[in-house]
Amino acid sequence: MSVLAWIGEFLVLFGTIFYFLSTLGLIRMPDVYNRMQTATKSATLGSLGVIVGTGLWAVGKGLSIAWLTKAIVIGVFLLLTNPISAHALIRGAYKSGIPLWEGSVVDKYREHLEKKASEKKEVEEGEE
Amino acid sequence: MTEASRVSKYLYTFIVLFVIWLFLTASLDPQELLIGAIFSAIVALLTYDIFTTRGLANLHPRRVAYFIAYIPYFLWAMILANLDVAYRVLHPKRPINPGIVECRTELKNNVGKLALANSITLTPGTITLDVDGDKYFIHWIDVKDASVEGASENITKPFEKFLKVIFE
């Protein structure tokens, strides 16, 4: 067993631990926004660990270097697209009217939307 | 920022596509390189107009150096974020204090704003909810300071010093 294979195994283990924490967060968090927090972060880092770890592991076992480069391409792709999908989901949840958890402290976004709506109304009234 | 010339935009798109091809094939065989160059040229011809607005100016050495320095910084912030999430999930009292705060950014460029939004989503306790002009609306899992300035200080400032050089 080479050093690369050891590092790969460690990374895969590291990734699966974060996968587990991400799932646990889905159960323990109170509302959809806090669930998105845990699910996005831990699942992204977990996937990165598992994917890059698999690449290193395969190279350490004597397979071709293509394993590693393809794994890196997939990892970068995931790193760039995962936060965007999380952003789209959380924005969609807010727009469809899902309330924040009752323990939440501030909601600046609602103030912003209300201000925008009232400004728009004033403009329309001014036109009439 | 003025728009780059068409040739520069085309060449930049071609270089990016060709590098992705090199990673995907993982081979330096001349036949592979030739066919990769031909396909990159065709795809770049179809897409260069929507892919970039600045062309080869993106490959300025200062930008590349800051980008390379940004990678370990970002990965470290991401690992801290996950340890933070792990702590909140495993702690029996579930110590969260969520809310939506507003931040301002100094970035003007759209790609820069996208990079900042992505960085915010993947780092400790924050997720971007909406971007409107220079305002960011961020769901923060542990609100320490609800004012606009305080939130910006805590969330966006650490990344802006890198992203300003890379994208402005």
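Me: Why is helix 2 of chain A called oblique to helix 3 of chain B?

Reply: In this predicted model, the axes of helix 2 (residues 32-60) of chain A and helix 3 (residues 61-90) of chain B come within 10 Å and cross at roughly 125 degrees. Angles under 35 degrees count as roughly parallel, over 145 as roughly antiparallel, 65 to 115 as roughly perpendicular and the rest as oblique, so helix 2 of chain A is oblique to helix 3 of chain B. The axes are lines fitted to C-alpha atoms, for helices over the stretch in contact, and the angles run from 0 to 180 degrees between N-to-C directions; the helices (H or I, at least four residues) and strands (E, at least two) are DSSP runs, numbered from the N terminus.

Me: Which residues make the contact between helix 2 of chain A and helix 3 of chain B?

Reply: With contact meaning heavy atoms within 4.5 Å, helix 2 of chain A contributes Thr38(A), Lys41(A), Ser42(A), Thr44(A), Leu45(A) and Leu48(A), while helix 3 of chain B contributes Met78(B), Ile79(B), Ala81(B), Asn82(B), Val85(B) and Val89(B). These residues divide into seven nonpolar, four polar and one charged, where Ala, Val, Leu, Ile, Met, Phe, Trp, Tyr, Cys and Pro count as nonpolar, Asp, Glu, Lys and Arg as charged, and the others, Gly among them, as polar.

Me: What makes helix 1 of chain A roughly antiparallel to helix 2 of chain A?

Reply: Helix 1 (residues 3-28) of chain A packs against helix 2 of chain A at an angle of about 160 degrees, with the axes 7 Å apart, and that angle makes helix 1 of chain A roughly antiparallel to helix 2 of chain A. The residues of this contact divide into 18 nonpolar, 13 polar and two charged.

Me: Where does the record place transmembrane regions in chain A?

Reply: The unreviewed UniProt entry annotates residues 6-27, 39-59 and 65-90 of chain A as "transmembrane region", although such annotations may be inferred rather than shown by experiment. In the model, residues 6-27 of chain A are 100% helix and 0% strand, with end C-alpha atoms 32 Å apart, and residues 39-59 of chain A are likewise 100% helix and 0% strand, with end C-alpha atoms 30 Å apart.

Me: How do you know which strands of chain B are the edge strands?

Reply: Three strands of chain B form an open sheet in the order 1-3-2, with antiparallel pairing, and two strands pair if DSSP finds at least two bridges between them. Strand 1 (99-104) and strand 2 (126-132) of chain B each pair on one side only, and they are therefore the edge strands. Six bridges join strand 1 of chain B to strand 3 (residues 135-140) of chain B, and Val101(B) stands opposite Ile138(B) in strand 3 of chain B.

Me: What packs on this sheet?

Reply: Helix 4 (residues 110-122) of chain B packs on the sheet and touches strand 2 and strand 3 of chain B. Helix 2 of chain A also lies across strand 2 and strand 3 of chain B, running at about 110 degrees to strand 2 of chain B.

Me: How are residues and chains numbered, and which parts of the model count?

Reply: Residues are numbered from 1 along each chain as its sequence is written, and chains are lettered from A and ligands numbered from 1 in the order in which they are written. For this predicted model, local features need pLDDT of at least 70 and side-chain atom pairs count only at pLDDT 80 or more, while totals for chains, interfaces and linings use all residues; side-chain values use heavy atoms, with hydrogens and water left out.
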